[in-house]
Amino acid sequence: MTSISEQLVDALGIMIMGMGLVFIFLSVLIVGIGIVAKFCPAPVVAKPDALPSPIATNRLDPKLVAAITSAIHQYRA
Amino acid sequence: MEGLMAFWAETGIAHFEAGQLLMMGVGCLLLYLAIARGFEPLLLLPIGFGAILANIPNAGFTEEGGLLWYAYHVGIETGIFPLLIFMGVGALTDFGALIANPKTLLLGAAAQFGIFATLLGAIALNLVPGFEFSMTDAAAIAIIGGADGPTAIFLASKLAPDLLGAIAVAAYSYMALVPLIQPPIMKLLTTPAERSIKMEQLREVSKREKIIFPLMVVGLTILFLPAATPLVGMFCLGNLMRESGVVDRLSKTAQNELINIVTIFLGLAVGSKLSAGEFLRIETLGILVLGAVAFSIGTAAGVLMAKLMCKLSGGKVNPLIGAAGVSAVPMAARVVNKVGLEANHQNFLLMHAMGPNVAGVLGSAVAAGVLLAVLG
């Protein structure tokens, strides 16, 4: 029967090695996912609501449109 | 009169021992938690009933040839039940959130620190008189910190079969207690400002990426960690069946009928390990304490890693999602979402937490593989 201190040293060794291996394994997986993502183009999502509806635009007051546009610009700056 | 005496000698009343009554009480407690409190009822109910059956004097359920004896030897000693469950979990898991934000794999890795710290703790507990955990015992106890039932049962059946009952009960009880154990630790380690950080919306993930992912995981496991292939292999098989979309029937069976059937027998077989002779020992107390410690350290390590990522990314990562790195899918992710909502009512972290959550499943399978490779 080995002494407890020896066992503790062993356990510490397993801890360091184990955490190292887990991190290395999952890091390699991160790189792998990155490579696959480069070769797989993102799926094209149709966004019908992104297109401005002509009827709605016609009804808007041009001054209001200008106000909104400047507000957006200020917000983004 | 003689017939009556013979009958009396066969009744339960004449043969009850105090330990058996106590263990039946434990079984009833598990049933209460499952039925009245809704804690992991799918497992605690069969485990609780199994505990009652296993402690009936003269019933012979757990003796050679009995139902529970067969369930244990066919399903758990061979490791088949936990592996079938793992296949079902794979078929139930959507890796989309993880593939969209692969860095969360690091959170799943950090949370495994709970496992390895507890390994040290279990050996240190040998300093207390009455405890004598070998290194394999310690490893089997430590895996409770992985917060993954099937992994814990698989590793315990390989490394420390005599501790299996206590380990399985501890693992599933703490998984049920995630909503109570995690929030205080999460709040202690983060500031309200950090908790209310909103994260960017995840990108769309193509079907091809989702199909390649399980194949890639298996490939890496084959190359670097063959000891983990039983767990990771079955998990990825289930996931490939789900994502490929060509075997819907198999995928549905793995997700529903098969996992349900196996769960019944797994629960009964684990319950059969709760017989008075095997469970009522000082070691059980140590295992319950160590399990809670493992869980807490894992949560803390995940949150701290997420804090580091938050600093490095300039405040784009909410540190709470690190807590989901201890698998316990999907409970841990839901807890993260709830704590996040408390800090900011418009902050939905569920999808962001699913990434580290499923990463935690992979992480604990890898950690189990490392322990098996070193000690098995």
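Two residues are in contact here if their C-beta atoms, placed from the backbone, lie within 7 Å. The views below show a predicted model.

**View 1. The side of chain B that touches chain A.** In this view, 27 residues of chain A are in contact with 38 residues of chain B. On chain B, at least two residues of this side are supplied by each of helix H8 (105-110), helix H9 (113-124), helix H10 (135-142), helix H15 (207-224) and helix H22 (350-375). H22(B) gives the largest share, 8 residues. By residue class, the side of chain B that touches chain A holds 28 nonpolar, 5 polar and 5 charged residues.

**View 2. Packing of helix H6 against helix H16 in chain B.** Two packed helices are described by the angle between their axes and the distance between the axes. For helix H6 (residues 80-92) and helix H16 (residues 229-244) of chain B, the angle is about 35° and the axes are 6 Å apart. The crossing of H6(B) and H16(B) is right-handed.

**View 3. Residues at the contact of H6(B) with H16(B).** H6(B) contributes Leu83(B), Phe86(B), Met87(B), Gly88(B), Val89(B), Gly90(B) and Ala91(B). From H16(B) come residues including Pro230(B), Leu231(B), Met234(B), Phe235(B), Asn239(B) and Arg242(B). The residues of this contact divide into 12 nonpolar, 4 polar and 1 charged.

View 4. In the model, residues 12-37 of chain A are 100% helix and 0% strand. The end C-alpha atoms of the stretch lie 37 Å apart.

Methods. Residues numbered from 1 in each chain as written. Chains lettered and ligands numbered in written order. Predicted model: local features only at pLDDT ≥ 70, side-chain atom pairs only at ≥ 80, totals over all residues. Helix = DSSP H or I, 4+ residues; strand = E, 2+ residues; numbered from the N terminus. Nonpolar A, V, L, I, M, F, W, Y, C, P; charged D, E, K, R; others polar. Axes fitted to C-alpha atoms, helices over the stretch in contact; angles between N-to-C directions. Left-handed = near helix turned anticlockwise from the far one by under 90°.
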